[in-house]
Amino acid sequence: MDWVVKHGLKIARIIAGMVVLLVGLALLVLPGPGIPFVLAGLAILAVDFVWARQLKKRIESKTKEVVDKVRRSNKPPA
């Protein structure tokens with residue numbers, strides 16, 4: 001019985017992560033907050049999959065680089 005519960009929760013988590021990820025991908029082209037949904041979906045999938053964890057880290061680091069670059073370029077001249 002424990003096996004069924006353990007694997008059932010894992011399957012439910014994978015399905016939920018895929019649904020959130022797919023909704024996020026759809027919202028990238030539709031009006032809505034796509035990027036947070038993509039990151040949330042990857043965070044859910046990262047519990048079980050290394051590829052999701054690596055992709056999430058890569059997206060977060062690139063996002064941080066872009067935000068830092070924009071903040072540096074928006075500083076008023078001294």
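Student: Happy to start with helix packing: at what angle do α2 and helix α3 pack, and how far apart are their axes?

Tutor: Two packed helices are described by the angle between their axes and the distance between the axes. In this predicted model, α2 and helix α3 (residues 50–73) pack at an angle of about 145°, and their axes are 8 Å apart. As for handedness, the crossing of α2 and α3 is left-handed.

Student: Which residues of α2 and α3 meet?

Tutor: On the α2 side they are L39, L42, A43 and L45, and they meet W51, A52, L55, K56 and I59 in α3. Sorted by class, the contact of α2 with α3 has eight nonpolar residues, no polar ones and one charged.

Student: Thanks! Now for the other pair: at what angle do the axes of α1 and α2 cross?

Tutor: Read this pair with angle and distance again. Helix α1 (residues 2–29) and helix α2 (residues 34–45) have axes that cross at roughly 160° and come within 7 Å. Angles over 145° count as roughly antiparallel, so α1 is roughly antiparallel to α2. The crossing of α1 and α2 is left-handed.

Student: And which residues make the contact between α1 and α2?

Tutor: From α1 come R13, I14, G17, M18, V20, L21, V23, G24, L25, L27 and L28. From α2 come G34, I35, F37, V38, A40, G41, L42, I44 and L45. By class, the contact of α1 with α2 holds 15 nonpolar, four polar and one charged residues.

Student: Let's turn to aromatic rings. How many aromatic pairs does the structure hold?

Tutor: A pair of aromatic rings is described by the distance of the centres and the angle of the planes. The structure holds one such aromatic pair. Its rings belong to F49 and W51, with centres 5.8 Å apart and planes at 35°, so the pair is tilted.

Student: Is L9 buried or exposed?

Tutor: L9 is found in helix α1. Its relative accessibility is 54%, so L9 counts as exposed.

How values were computed:
Residues numbered from 1 in each chain as written. Predicted model: local features only at pLDDT ≥ 70, side-chain atom pairs only at ≥ 80, totals over all residues. Heavy atoms only, no water. Axes fitted to C-alpha atoms, helices over the stretch in contact; angles between N-to-C directions. Helix = DSSP H or I, 4+ residues; strand = E, 2+ residues; numbered from the N terminus. Parallel < 35°, antiparallel > 145°, perpendicular 65-115°, else oblique. Left-handed = near helix turned anticlockwise from the far one by under 90°. Contact = heavy atoms within 4.5 Å. Nonpolar A, V, L, I, M, F, W, Y, C, P; charged D, E, K, R; others polar. Phe/Tyr/Trp six-rings, centres within 6.5 Å; stacked < 30°, edge-to-face > 60°. Buried < 20%, exposed > 50% of the residue type's maximum accessible area, 1.4 Å probe, protein only.
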